[in-house]
Amino acid sequence: MRDYKLVVLGAGGVGKSCLTVQFVQGVYLDTYDPTIEDSYRKTIEIDGKVFDLEILDTAGVAQFTAMRELYIKSGMGFLLVYSVTDQQSLDELLELREQVLRIKDSSRVPMVLVGNKADLQDERVISVEQGIEVSTEWGRVPFYETSALLRSNVDEVFVDLVRQIIRNEMEGVS
Ligand code: GDP
Ligand code: MG
């Protein structure tokens with residue numbers, strides 16, 4: 001069976017690597033190199049079926065590169081991650097989403113909006129309501145707040161994404 005290719009996108013420092021490593025390895029790496037871009041493999045079971053995932057943890061969103069175009073092209077589903085402590089990181093996601101939609105050239109790209117670092121209540125600058133608002137503007141893309149630190153909603157965001165891909169496949173959406 002072919003791999004399900006997932007891509008984790010978002011500004012630097014929002015917790016893309018921590019979320020990915022927490023999901024794949026079940027550990028919280030507090031000191032992860034921000035420049036590392038790597039892919040991870042994980043097999044998961046959903047509704048009694050087994051799926052092989054290949055997860056690309058991206059780095060460096062500053063400029064548009066041919067590299068990014070390539071991995072967006074081959075990606076089947078996208079986690080769009082911001083940090084609830086960083087307004088700029090949410091602003092940058094709008095641009096990233098536009099790139100994904102343009103490159104995939106499809107109105108139904110599997111996507112999940114993720115507000116990470118939900119455990120940092122004192123540093124929060126983006127409310128849950130603001131996250132919901134963005135998800136509504138994006139045509140109700142599934143939205144979750146997560147904490148890679150506490151491992152809260154980590155499995156949920158990846159599973160939601162895989163379910164969207166499966167649903168699209170069943171409905172014959174390319
Ligand atoms: P990336 O650049 O998006 O890959 O961000 P990282 O995953 O490297 O995370 C950057 C830093 O944010 C990490 O070193 C952690 O200290 C912190 N971090 C990531 N996720 C969380 C989280 O859920 N809660 C808290 N409190 N800190 C986090
Ligand atoms: Mg990283």
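Biologist: How do the residues of the shell around ligand 1 divide into nonpolar, polar and charged?

Modeller: In this predicted model, the shell around ligand 1 holds eight nonpolar, six polar and four charged residues.

Biologist: Which of the residues around ligand 1 come nearest?

Modeller: There are 18 residues around ligand 1, and the nearest of them are Gly13, Cys18, Asp30, Asp119 and Ala148.

Biologist: And which helix gives the most to that shell?

Modeller: Helix α1, covering residues 16-25, gives the most, with three residues.

Biologist: Let us turn to atoms. How far is an oxygen atom of ligand 1 from a polar backbone atom of glycine 13?

Modeller: The distance is 2.7 Å for glycine 13. At valine 14, a backbone N or O atom is 3.3 Å from an oxygen atom of the ligand. Asparagine 116 uses its side chain instead: one of its polar atoms there lies 3.2 Å from a nitrogen atom of ligand 1.

Biologist: How much of ligand 1 does the protein bury?

Modeller: Ligand 1 taken alone exposes 570 Å², and the protein buries 86% of that area.

Biologist: Which pocket does ligand 1 take up?

Modeller: Ligand 1 takes the space of the largest pocket, whose volume is about 360 Å³.

Biologist: What lines the largest pocket?

Modeller: Its lining consists of 24 residues, and those nearest the pocket centre are Gly13, Val14, Gly15, Lys16 and Cys18. By type, the lining has 11 nonpolar, eight polar and five charged residues. Helix α1 supplies the largest share of this lining, three residues.

Biologist: A change of topic. Where is the place of glutamine 121?

Modeller: Glutamine 121 is in the loop that runs between β5 (111-116) and α4 (128-137).

Biologist: With which side chain does the side chain of glutamine 121 make a polar contact?

Modeller: The partner is the side chain of arginine 124, at 3.1 Å.

Biologist: And how far apart in space are glutamine 121 and proline 110?

Modeller: From C-alpha to C-alpha, glutamine 121 and proline 110 are 29 Å apart, with a separation of 11 residues in sequence.

How values were computed: Residues numbered from 1 in each chain as written. Chains lettered and ligands numbered in written order. Predicted model: local features only at pLDDT ≥ 70, side-chain atom pairs only at ≥ 80, totals over all residues. Heavy atoms only, no water. Near = heavy atom within 4 Å. Polar contact = N/O pair within 3.5 Å; in protein donor to acceptor, adjacent residues only side chain to side chain. Areas by Shrake-Rupley, 256 points an atom, 1.4 Å probe, with all protein chains shown as cover. 1 Å grid on protein atoms, 1.4 Å probe; cavity = no way out; pocket = protein on both sides within 12 Å on 5 of 7 lines; lining within 4 Å. Sits in = over half its atoms within 2 Å of the grid points. Helix = DSSP H or I, 4+ residues; strand = E, 2+ residues; numbered from the N terminus. Nonpolar A, V, L, I, M, F, W, Y, C, P; charged D, E, K, R; others polar. Points joined across faces, edges and corners; volume = space filled by probe spheres on them.
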